[in-house]
Amino acid sequence: MASSLRGEVLNLYKNLLYLGREYPKGADYFRSRLKAAFLKHKDVKDPEKIKQLIARGEFVIKELEALYFLRKYRALKQRYYSDDNQ
């Protein structure tokens, strides 16, 4: 069971690291914060607590994806619609 959770944690880290490349404050900022967050919980042994932390990480992934989609939408909207309503 521990090996499957380890794999999930590694996949979560990789996915977050990949999504962090486009972060508005920069990839280095995101990478340092991500590493700090994972190191903060490195000593957790309880499988239920690990599952909760994985679920929290997946929520962060969804929030980042929403942030990126919103940014793309705003860029497209600015291209096709003018801001002045006159």
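First, what a pocket is: on a 1 Å grid over the protein atoms alone, it is an open set of points where a 1.4 Å probe fits, with protein on both sides within 12 Å along at least five of seven lines, and its lining residues have an atom within 4 Å of a point.

You're looking at a predicted model, where local features need pLDDT of at least 70, side-chain atom pairs count only at pLDDT 80 or more, and totals for chains, interfaces and linings use all residues. Numbering runs from 1 along each chain as its sequence is written, and side-chain values use heavy atoms, leaving out hydrogens and water.

Start with the second largest pocket, at about 190 Å³. Select Tyr18, Leu19, Arg21, Glu22, Glu65, Tyr68, Phe69, Arg71 and Lys72 to see its lining. Helix α3 gives the most here, with 5 residues (helices are DSSP runs of H or I, at least four residues, numbered from the N terminus).

Now jump to the largest pocket, with about 1100 Å³ of space. Pick Leu12, Leu34, Ala37, Phe38 and His41, which of its 31 lining residues lie nearest the centre. This time α2 gives the most, with 9 residues.

Last stop: click Leu16. Beyond its neighbours within four places in sequence, Leu16 is in contact (heavy atoms within 4.5 Å) with Phe30, Leu34, Phe38, Gly57, Val60, Ile61 and Leu64.

Key:
Grid points are joined across faces, edges and corners, and a volume is the space filled by probe spheres set on the points. Helices (H or I, at least four residues) and strands (E, at least two) are DSSP runs, numbered from the N terminus.
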